Amino acid sequence: MSKKAWGGRFESNPESWVDAFNASIHFDKNLIDQDIQGSIAHATMLAEQGIIEEAESKQIIRGLKEIQHDYYQDKLELSESLEDIHLNIEHALIQKIGQVGGKLHTGRSRNDQVATDMHLYTKENVKSIIDLITSLQNAILNIADEHVYTIMPGYTHLQRAQPISFAHHVMTYFWMLERDKSRFQDSIKRIDISPLGAAALSGTTHNIDRHRTQELLNFQNIYENSLDAVSDRDYIVETLHNISLTMVHLSRFSEEIIFWSSNEANFVTLSDSFSTGSSIMPQKKNPDMAELIRGKVGRTTGHLMSMLVTLKGLPLAYNKDMQEDKEGLFDSIHTIKGSLRIFEGMLTSMTVNTERLHETVHQDFSNATELADYLVEKNIPFREAHEIVGKIVLWCIQNNQYLLDVPLEQYKSYNEKIDANVFEYLKPENCLSRRKSYGSTGQESVKHQIKVAKALL
Ligand code: ARG
């Protein structure tokens, strides 16, 4: 068994199954790059401050780089009894360069070290999530550009409500993602803070320069309070929340795509490369990618809840409970990055069945509000108009007709003021073009919306 870094005051070591429970190496090895980066900055600063010799610092840095290289060559032996990535690296360093490796931990603790790693890791990943969101927004914009004039039924309560532009519908997700992105962007200022040099909890008596490591690690800001520096996990909760909400948005869009691609709707056809088949039913083509994304919200929401509960009631400063912050964060980041990539591929390869959509809006009553508005224009109070149209719709249902098929005489029997121009008025495309209110589904308004959106990217 390897000797523990903290072995001095111990008379015996835990058994291996206890070590296994305590260890985080199987997941915090993910932090190797950040850990090496943080250690290089710390070693550089220690030499600059005269705390260690320049030559020692160089030796340490060379050793750290070799360890990183070994790791990617699968040559670094990681052990559970060395607990975590920090102690495994320190052990490997001492083996490589001798006792001088033990000087690296001067003026530092694993508590500020792990916090530094997590800040660096979260910052880097939040930035790539932002890029992936932008890429998906671009894909949505391209679809919107093509489908300003494609009309589809708009729903409320999953009942046909009013005709809308397909572009208008998909653009809703552009705006949701825009808000998600701005939440991620805003969170960076609370992530990009250097805890390094806070040491275990109280700072250190060594003459370290925290501002120098802040600068070397390219952190925008620095923790003013050493206790706060090692205890803060707010930025992890915030990131888990931002991921969860973005995943919720993707799940709503997924649900629509699942419905749209059903035989019943047939509004879109998913490409073969983003669908799967059934092992028993040869005719099936399933929207598995959309379903998986919808399903994965369970885990991202779970990780958020789990982190909140882990932190609840946790006293200052570091407590081992905090080791539980990693797996959830790693998994949520992995999940959202995969989901954003898959979603974009699924969307850009999907076919919008414009003819079917056209046919659909001609076979429903989603133009009923228009008929009421038509009567309002003839100076009939809206409530009365609503009642008249309700009766006409009932007649249609009983006679198996739609509003565009009702004979003019029949219309006139409900109200004399209805003229032959009602048929033009009720055409779904005209329902859209008459909508001129700002942000509406009218074609001109949607074009303006797309222009505003493009300017944001
Ligand atoms: N593996 C630990 C974690 O992930 C690192 C910090 C350990 N610090 C300590 N004082 N035991 O939280």
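**A walk through the predicted model**

T134 is partly exposed, because 15 other C-beta atoms lie within 10 Å of its own. On this scale a residue is buried if 20 or more other C-beta atoms lie within 10 Å of its own, exposed if 12 or fewer, and partly exposed in between, with C-beta atoms placed from the backbone. The model is predicted, so local features need pLDDT of at least 70 and side-chain atom pairs count only at pLDDT 80 or more, while totals for chains, interfaces and linings use all residues. Residues are numbered from 1 along each chain as its sequence is written.

T134 sits in helix α6. Helices (H or I, at least four residues) and strands (E, at least two) are DSSP runs, numbered from the N terminus. Leaving aside residues up to four places away in sequence, T134 touches K181 and L457. Contact here means that the C-beta atoms of two residues, placed from the backbone, lie within 7 Å. E178 is 44 residues from T134 along the chain, and the C-alpha atoms of the two are separated by 8.2 Å.

Spanning residues 110–146, α6 gives the most to the shell around the ligand, with three residues. The whole shell consists of S24, D28, D84, R110, N111, V114, Y318, K320, M322 and Q323. A residue is counted as near a molecule or strand if its C-beta atom, placed from the backbone, lies within 6 Å of it. By residue class, the shell divides into three nonpolar, three polar and four charged. In this division Ala, Val, Leu, Ile, Met, Phe, Trp, Tyr, Cys and Pro count as nonpolar, Asp, Glu, Lys and Arg as charged, and the others, Gly among them, as polar.

The domain assignment of the protein chain gives domain 1 (15–106), domain 2 (111–159 + 166–205 + 224–358) and domain 3 (363–456). Such bounds come from an automatic or database domain assignment. The shell around the ligand draws at least three residues from each of domain 1 and domain 2.

How far apart are the C-alpha centres of domain 2 and domain 3? They lie 38 Å apart. Across the boundary, twelve residues of domain 2 are in contact with 14 residues of domain 3. On the side of domain 2 that touches domain 3, the elements giving two or more residues are α6, β1 and α7 (166–191). Helix α7 provides the largest share of that side, five residues. The residues on this side of domain 2 divide into nine nonpolar, one polar and two charged.

Strand β1 (residues 151–156) pairs with strand β2 (residues 159–165) in the antiparallel sense, over six bridges. Two strands pair if DSSP finds at least two bridges between them. I151 stands opposite S165 in β2. Two residues lie between β1 and β2 in this hairpin, and H157 in the turn has a positive phi of about 55 degrees.

Some other backbone details lie in loops. N218 is found in the loop between α8 (210–216) and β4 (221–222). Phi of N218 is near 60 degrees, a positive value in a residue other than glycine. N218 is exposed, with 12 other C-beta atoms within 10 Å. N266, in the loop between α10 (234–260) and β5 (268–269), is likewise not a glycine and has a positive phi of about 55 degrees. N266 counts as partly exposed because it has 14 C-beta neighbours inside 10 Å. A cis peptide bond, with omega about 0 degrees, joins L316 and A317. A317 lies in the loop between α11 (288–311) and α12 (325–348).

UniProt, in an unreviewed entry, places "domain: Fumarate lyase N-terminal" at residues 8–302. That span is 60% helix and 6% strand, and its end C-alpha atoms are 40 Å apart. The unreviewed UniProt entry also places "domain: Argininosuccinate lyase C-terminal" at residues 365–432. Residues 365–432 are 66% helix and 0% strand, with end C-alpha atoms 15 Å apart. UniProt positions are given in the numbering used here, feature names are shortened, and annotations may be inferred rather than shown by experiment.
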